[in-house]
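Here's a quick tour for anyone opening this structure for the first time. Have the sequence and the 3D view side by side as you read.

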Amino acid sequence: MGAKILIVEDEEKLARFVELELKHEGYETDKAFDGRAGLDKATENDYDLILLDIMLPGLNGLEVLRRLQKEKSTPVILLTARDAVMDKVAGLDAGAVDYITKPFAIEELLARIRVALKLHLAETAGHQHDQEQTEGVLTWGPLRLDEPRHRVTYGTHEITLTNREFLMLKTLLSNQDIVLSRETLLNAVCGYDYVGETNVIDVYIRFLRGKIDDAFSIKMIHTVRGVGYVIKTWEGDNP
Ligand code: CA
């Protein structure tokens, strides 16, 4: 299904004409003929874009825009009268992404709609990306180690690790492509004052492999003979 667009326009003929054109382009549409109804629909439903006339009965377009902005980030293109320069400025100030002056050629409106949708999509994707890169989160392909929440997941699977296994995985993940010696790992996992054999590391590696490599049939942790262990950078499929 195409993007869903709400048309808020009191000139019903114009609203219907725009709706027909949008449907023809493959968009889903909805209409409101006054400001109040427009605001209600815009708040209750999730549209990808709103075409909002400024001169509306009930609530005017700018007021609809201001109130909507407090609730949602739906992109809005304003439909303005020819000489309403102040409206355009106020509209953009209030958060509209664009405006188009009436009367407009439908091709121009369609072009602006495409741009606004693309921008909004890129912005939304950007936000999601930001969230994935939150502090304290390490990833390796589908594996995700969330340090603040002390949580490890592989895709949708939750992996339960002991504190030391968690520390070990964290150390390896934050040093991808670097071979870590047993001593380095031991210091990271057990602390510098740990007195004991470094082969305890081999035991933790075995536990980790059982819970991750074996459980998901992947090869994440590599042994480098005579040196130590490494997780190589994820390269799309199982290395
Ligand atoms: Ca109007």
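This is a predicted model: local features need pLDDT of at least 70, side-chain atom pairs count only at pLDDT 80 or more; totals for chains, interfaces and linings use all residues.

**Helix α7**
- Helix α7 covers residues 182-190, and its buried residues are L185, L186, V189 and C190.
- Looking down the axis of α7, you'll find these buried residues within an arc of 100°, so they line one face of the helix.
- In general, an α-helix has 3.6 residues a turn, so residues three or four places apart point the same way.

**The calcium ion**
- Its protein donors are D10 (OD), D53 (OD) and M55 (O), at 2.1 to 2.3 Å from the ion.
- D10 sits in the loop between β1 (4-8) and α1, while D53 belongs to strand β3 (residues 49-53), so the pair ties together parts that are 43 residues apart in sequence.
- D10 is partly exposed, with a relative accessible area of 30%.
- D53, on the other hand, counts as buried because its relative accessibility is 3%, under the 20% cut-off.

**E19 in helix α1**
- E19 is part of helix α1 (residues 12-24), and at 12% relative accessibility it counts as buried.
- Setting aside neighbours within four places in sequence, E19 is in contact with I7, T29 and K31.
- The side chains of E19 and T29 are joined by a polar contact of 3.1 Å.
- E19 and G2 are 17 residues apart in sequence, and their C-alpha atoms are 13 Å apart in space.

How values were computed:
Residues are numbered from 1 along each chain as its sequence is written. Side-chain values use heavy atoms; hydrogens and water are left out. Buried means under 20% relative accessible area, exposed over 50%, partly exposed in between (1.4 Å probe, protein chains only). Helices (H or I, at least four residues) and strands (E, at least two) are DSSP runs, numbered from the N terminus. The arc is that of the directions from the helix axis to the C-beta atoms. Contact means heavy atoms within 4.5 Å. A polar contact is a pair of N or O atoms within 3.5 Å; within protein, one must be able to donate a hydrogen and the other to accept it, and residues adjacent in sequence count only if both atoms are side-chain atoms. Donors are N, O and S atoms within 2.8 Å of the metal (3.2 Å for Na, K and Ca); water is not among the atoms, so sites may look incomplete.
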